[in-house]
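Work through the exercises below with the sequence and the model open. Each task is followed by a solution in steps.

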Amino acid sequence: MTDDVLLSAKGLTKTFGDFTAVDGIDVEVRRGESFGFLGPNGAGKSSTMRMVAAVSPVTSGELRIFGQDPATHGPAIRARLGNCPQQDRLDEELSVEENLWVYGRFFGLTRAEVRARADELLDFAQLTERRKDKVEPLSGGMKRRLVIARSLINNPELLLLDEPTTGLDPQARHVLWDRLFRLKRQGVTLILTTHYMDEAEQLCDRLVVMDHGRIVAEGSPRALIQEHSTREVVEVRYDVDDHGVHAGPLEGIGDRLEILPDRVLIYADDGDAAAGAVARSGTEPLSTLVRRSTLEDVFLHLTGRTLVD
Amino acid sequence: MSALPESPRSRLVHGERRPLSAVERTWGLVGFHLTLLRRTWRGLVVSRFLTPVLFLAAMGIGIGRLVDRSSGGVAGVPYLQYVVPGIVMASAMQWAVGESTWPVMTLIKWNQMYAAMLAAPTRVADVLRAHWVVVSFGIAWGSGVFIAIAALFGGVRSWWALLGVPIAVLTAMAFVAPLFWFAARTDNEEGFTTIFRLVITPLMLFSGTFFPVSQLPIWLQPVAWVTPLWHGTELARPAFLGDPLDPGHGAGWAIHLAVLTAYVVVGGWGAHRAFRARLEA
Amino acid sequence: MLALGLARFVILRNVTSFRRGWPVFLSGFFEPVFYLFSIGVGLGALVKTVTTDSGAVVGYADFVAPAMLASAAMNGAIMDVTFNVFHKLRFAKLYDTMLATPAAPKDIAVGEVTWALIRGGIYSAGFLVVALFMGFVHSWWAVLALPAALVIGAAFAGVGMWATTYMTTWQQFEIIFLIVQPMFLFSATFFPLSSYPEALQWVVRATPLYHGVVLERGLMLGDVGSGLVGSLAYLLVLGGVGMWGAGRRIERLLLT
C-alpha cells in the first residue's frame, strides 16, 4: 500500500440485524482527490461514511484509512480526519467560537493552537461577525458552515462530508460549494456523499453510484455520462396520464427511450435531430426540450427509477 | 489555510499524530463541560443549592425543635445534628439524578455532542470518565459548602464530618452510573419525571434521611436496605457524629462501602456497554 | 358543564391527552402522601404531639395531614397551569388553533383553570380518603375539606396561569419552583407559626398556602373559628384576581 492511498475498502459490509446497509463495496481514494458517493436515501452512503470516519465498526470486509485498521487504530485515524456528519451536532447553548474551541481541545491541541485555528476558520466560514453569538439562532447555512469549520479544526488530511448541503436553500448551497471548492484547491482530500447530481458534478473528480448498499458504477462525472448516457437528452411531455401510450410511435428515435410517469426521455447524441423526429412522429407533445446529459440520466439508467429528493 | 506556527510536536502537523494520553483525552472533554457550566451555573446554584438549605431550616431547625422537646433528640444527639448527614446525602442523590437524566439525554439525542466527541480521538470510556469527573467535582463542591453552612447553624459536631464530602460523591455516583445506563437505553424522557416523583422523592423520605429506618413498618425496612441512599447515610452519620467507624455497628461501614462501590462498578459497566451500543452502532 | 360553554372543549382535550400521561398524573397525587407517611408518621413518632396555633394539642400526623391536603391541591393546580399551559401557549400553539374556532380567550382561561381544579380536586379527594382511612380526620367539618381544597386550587391556578403568560423560556420556571418549594416547607405545614420569630410570622401569613393550611387544619381537626373566614376570603380574592389577569393577558397574547 502506498502512502498516497488514504482510503481503501475491500468487500466492506455493514449490517444492522437482518438489514444489510452496505453490501461488500470496494473503494480506493487517493490523496488530493475529491471523491463522491452518489445515491438515493437508504443506499448505504451514510453507513459507509460512518465506518470510514472510524465511529462505526465494520461488520466484515477490509477497511484501511491512512493504511490503518479502524478497529484497532480508531483514535489514531480520527486524529487525522475531519468529520462533518449529516446532523449538525453543535451545542446550541454555546457561542460559535466556543463550539470551535471545545472541539479543538478534544484533539489535544493546545489552547493557543485552538484559538489561532478558530480565528482562521471563522474567517473561512464567513462567521467572524457572529463569533460571540449563541449557535441556536443561526440560519441552517451558517450552522452547516460552522460544522465544516469545526471539522477542519485539527487540520485534517481527509475531510468527510455527509450530505453537506441537504436541506439548505439554493443560495446557502452555493456559498458552501464555494468554500468546499477552496478546500479542494488547497489540496484537502474530500470524500462526500450527496443525492444531488449538480453537487456531485460540481465537486467530485471521481464518484461511485450506490444503490441498495452496492456500487453500481464508478468513474469521473464526465466518464460516467459518456459510458451510461448519450451526449444529449430530449424530454418530451404529453397531455396524458400514462406516457407509456406514446412509446410505440417514438420507438427507434435516438439510441434509447426511457418512459417516466410524467415524461419520455430520448437519449441521443444529436438532440435536435431527435426532436425533429419527434415532431414528425404524429404524436402531439405539450413540450419538447433538448438538453445536455447529466448525472441524473446516468442514475436513471443505472437504477431504473427517478431519484427521490 | 495559511500555515500556523507549528512545532514539530504539534498535533496539527500532517501524518501520524502524537497519541493523546488518558489524562489529555479526559481533560479535553472536561473542557467542554466546564465551558457549558460557565453558561449554566447560575441556574444550577439556585436549584441544586437552595433546596438543601431550605430543608436544613425546615427539618433541622423547625421540626428539630419539636423533636428535641418531645424525645430529647435522636440517637442521643440533637435532631439537627442527626439530620444534617441525611440531607447531605439526599441532596447528593438529587444532584446526581439531575445530572444524569435530562443533560445526558441532551448529549445523546438532542444535540448529539457525545457523538461529536467520539468523532475525535476519544473512546466511550473517555467520554464517561470526563463527564463523571465533572459531576463528581460539582457534588464534592456542593456538599462541602453545604456542610460548612450546616456547621454555622450548629449542625456539625466533628471535623470528621469532612468525610461527608467523599461519601457524598460515592453515594451520588452510585446513582449516576446506573442512571447513565438507563438514559442510554431510553428514548422517552417523560419517564424521568416519573422517576423523580415516584422513585427519588420516596427514596429521600424513607431511606433514613429524616428518621431512623427502624421507625418504618417492618416490611418496608428491607426496601431501604437495598437503596444506595440508605447506605450512604448510614456510612456518613457516624462520621458526622465524630466516630467514622462506629464500633457499635461492627463492620457495618465496610458493608455500606461495599454496596455503594458495587452500585458504581456494576452501573459503570452497564453504562459503558449501553453507551457503546447506542453511540458506536 | 353546560355553563362552562365552549370552555368544556378545552377540558375535554386535556382529559384526552391525560389518558396517555397517567403515570405523571398519578405521581402528583403520591407526593403529598409520601410526605404524610414519612414526615407525619415516621418522624411524627419522634415528635409525638404538637400545640397548634389555636392552642390545641394534637398528634403530629394529625397536624401534618391537613397541610399535605392543602399542598396536594396546590400541586395539582399549579403544575397544570404552569408547565402545561406554557407548553401549549408557546410551543404547541394549541390556543391559536382553538381560537380559530368560536372559542374566545375567556373560554381558554376558564377551561384551563377548571381543568386544573379538576386535577387538584382529584388529588385532594384521593388524599382525603387516605387520611380518613388512617384516622387523621376528626370532625364532620371535614366534609368541607374538599370544597376548601378546590378554593385553594383556584387561587393557585389563577395566579399561576397569570404568571405563566409572562414567561418566555423554560428556565424561568425555576422561579416558580423557587416560590413553591419554600412555601411548601414553611407555610406552617410541618411546624406551627409560633415556631417562627415575630417578623417571619408576618411573612408566612402573607403566603397563600398558609391560608390554605389554616383552612384545612381547622376543618379536619374540627377547630373552626372566625379566623377561617379571613383565610377563605384571602384565597377567593387571590383566585379571582389571578383569573381576571390571566384572561386579559391571554387575550393580549393571542389576539394581536
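This is a predicted model: local features need pLDDT of at least 70, side-chain atom pairs count only at pLDDT 80 or more; totals for chains, interfaces and linings use all residues.

**Exercise 1. The open sheet of chain A**

Task: Give the strand order of the open sheet of six strands in chain A and name its edge strands.

Solution. Step 1: the order is β5-β6-β7-β3-β8-β9, and the pairing is mixed. Step 2: β5 (81-84) and β9 (214-219) of chain A each pair on one side only, and they are the edge strands. Step 3: from one strand to the next, the twist averages 15°. Step 4: inside the sheet, β3 (residues 34-38) and β8 (residues 206-211) of chain A run parallel and are joined by four bridges. Step 5: in that pairing, Phe37(A) stands opposite Val208(A).

**Exercise 2. Domains and annotation of chain A**

Task: State how chain A is divided and what separates the domain centres.

Solution. Step 1: domain 1 runs over 5-225 and domain 2 over 231-292. Step 2: taken over C-alpha atoms, the centres of these two domains of chain A are separated by 39 Å. Step 3: an unreviewed UniProt entry annotates residues 7-237 of chain A as "domain: ABC transporter". Step 4: over residues 7-237 the chain is 37% helix and 29% strand, with its end C-alpha atoms 44 Å apart.

**Exercise 3. Chain B as a whole**

Task: Describe the secondary structure and the dimensions of chain B.

Solution. Step 1: chain B has 10 helices and zero strands. Step 2: along the principal axes, its C-alpha trace spans about 80 × 35 × 35 Å. Step 3: of the 281 residues in chain B, 48% are buried. Step 4: consider contacts in chain B between residues at least 6 apart in sequence; 77% of them join residues at least 24 apart.

**Exercise 4. One residue of chain B**

Task: Decide whether Ala116(B) is buried or exposed.

Solution. Step 1: locate Ala116(B) in helix α4 of chain B, residues 113-118. Step 2: 25 other C-beta atoms lie within 10 Å of Ala116(B). Step 3: the cut-off for a buried residue is 20 or more, so Ala116(B) is buried. Step 4: leaving aside neighbours within four places in sequence, Ala116(B) is in contact with Arg89(A) and Tyr103(A).

**Exercise 5. Where chain B touches chain C**

Task: Find which element gives the largest share of the side of chain B that touches chain C.

Solution. Step 1: 28 residues of chain B are in contact with 28 residues of chain C. Step 2: α1 (22-71) and α7 (190-206) of chain B are the elements that give two or more residues to this side. Step 3: α1(B) gives the largest share, 14 residues. Step 4: sorted by class, this side of chain B has 15 nonpolar, 10 polar and three charged residues.

Methods:
Residues are numbered from 1 along each chain as its sequence is written. Chains are lettered from A and ligands numbered from 1 in the order in which they are written. UniProt positions are given in the numbering used here, feature names are shortened, and annotations may be inferred rather than shown by experiment. Two residues are in contact if their C-beta atoms, placed from the backbone, lie within 7 Å. Ala, Val, Leu, Ile, Met, Phe, Trp, Tyr, Cys and Pro count as nonpolar, Asp, Glu, Lys and Arg as charged, and the others, Gly among them, as polar. Two strands pair if DSSP finds at least two bridges between them. Axes are lines fitted to C-alpha atoms, for helices over the stretch in contact, and angles run from 0 to 180 degrees between N-to-C directions. A residue is buried if 20 or more other C-beta atoms lie within 10 Å of its own, exposed if 12 or fewer, and partly exposed in between; C-beta atoms are placed from the backbone. Domain bounds come from an automatic or database domain assignment.
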